[in-house]
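User: I'm new to this one and would like a quick tour. Can we take it step by step?

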Amino acid sequence: MYEIVTKETVAPNIIHMKFKAPKIALTAKPGQFAIFRADEKGERIPMGLAGWDEKEGTIDIVFYVLGTSTAKLSTMKEGECISNIAGPLGVPTEVDNFGRVICACGCFGAGPTLPLVKALKEKGNYVITVVEGRGPDFIFWVDRLKEHSDEVHVVTGCGKTAWANDFIEQELATGKKIDRIFAHGCPFMMKVSSEASRAAGVDTWVSLTPIMVDGTGMCGACRVEVAGETKFACVDGPDFNGHSVNWEGLVMRLRQLIPEEDKSFNIWERDNWHRLMDCRHKKSFNPAKRRLIDKVDHPESECKLAGI
Ligand SMILES: Cc1cc2nc3c(=O)[nH]c(=O)nc-3n(C[C@H](O)[C@H](O)[C@H](O)COP(=O)(O)OP(=O)(O)OC[C@H]3O[C@@H](n4cnc5c(N)ncnc54)[C@H](O)[C@@H]3O)c2cc1C
Ligand code: FES
């Protein structure tokens, strides 16, 4: 059993949780993930490690509330325990002194980006971090990222530099050398970030999130096509060169179980509506719109967030 030490809603539908997991905290590295199971009947869901503390014996995750398993986890409270955490899993991100690097993150991606930014800075890189969100409300952990970055830029969907891929494109167009780019977020954000750097030929590493089951290379659920070859994201990744990923194939596989996921969520919600009430009051979760959160309108003046 693994205790939830702290729980905080950091943005609408996005939760930061800290768990007691001393063995995982001891060996975790940037880019790795763990597989969580909320209760004995729960499915196994992979989450990128967003931090760890060897002394306290804790690990952190930041997750987007999407369907049954993440909703179930989101209704659990500090002090409660979840059934399993297996990890750390996956190949750690290659961290070296590359020179000038861009770390782009969107959605839950600021979570797993934090330990990466920290490790890249410790290796002596000039770290430029760009945080993307659909509006200021969706931006979190800028202060934490600032601690380890040389520059932090926030983009919220407006102005000339609307999204992380615009930032990458514009940064590369200035002619300043960029030696490597990392992207964490939804597949679309990682795809367009990779496209933004393709012409300049800057290595762009993305952290893929295909459906996983065992997380140990046995089931084949997480297969992805990279440079024309089949790879298992759980043991060969989750990091891959974004220029070589078959993004259409990844998205198609990610969407293949939507009818079953919807059915599962409807059954779970019917039995657990009272637990969700808490989240609804905090406007952190809206199951009816969980796949279709409307575009968030915010005044153009809030663009001043960019380039802080
Ligand atoms: C290596 C890795 C790291 C990840 N890190 C994070 C993270 O740090 N934060 C975060 O919010 N999300 C992360 N994800 C995605 C997260 O695992 C899914 O959002 C979660 O499993 C959804 O489960 P659900 O039951 O709530 O939603 P469901 O309604 O079951 O599914 C919603 C969508 O999530 C995806 N999904 C469903 N089951 C899985 C599964 N077992 N494995 C992967 N994707 C699945 C599918 O695209 C599905 O359509 C990561 C995925 C991988 C593979
Ligand atoms: S999750 Fe089973 S092979 Fe990767």
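User: How much of the protein counts as buried?

Analyst: Calling a residue buried takes 20 or more other C-beta atoms (placed from the backbone) within 10 Å of its own. Of the 308 residues in the protein, the share that counts as buried is 44%.

User: What should I know about the model and its labels?

Analyst: It's a predicted model: local features need pLDDT of at least 70, side-chain atom pairs count only at pLDDT 80 or more, and totals for chains, interfaces and linings use all residues. Residues are numbered from 1 along each chain as its sequence is written, while chains are lettered from A and ligands numbered from 1 in the order in which they are written.

User: In what order do the three strands of the open sheet sit?

Analyst: Strands here are DSSP runs of E, at least two residues long, numbered from the N terminus, and two of them pair if DSSP finds at least two bridges between them. Strand 4 (45–48) and strand 8 (84–89) each have a single partner strand, so they stand at the edges. The pairing is antiparallel, and the order is 4-3-8.

User: Which residue stands opposite Phe 33?

Analyst: Strand 3 covers residues 33–37 and is joined to strand 4 by four bridges. In strand 4, the residue facing Phe 33 is Gly 48.

User: How many nonpolar residues are in the shell around ligand 1?

Analyst: Nonpolar means Ala, Val, Leu, Ile, Met, Phe, Trp, Tyr, Cys or Pro; Asp, Glu, Lys and Arg are charged, and the others, Gly among them, polar. The shell has seven polar and two charged residues, and its nonpolar ones number 18.

Key. Buried ≥ 20, exposed ≤ 12 C-beta atoms within 10 Å, placed from the backbone.
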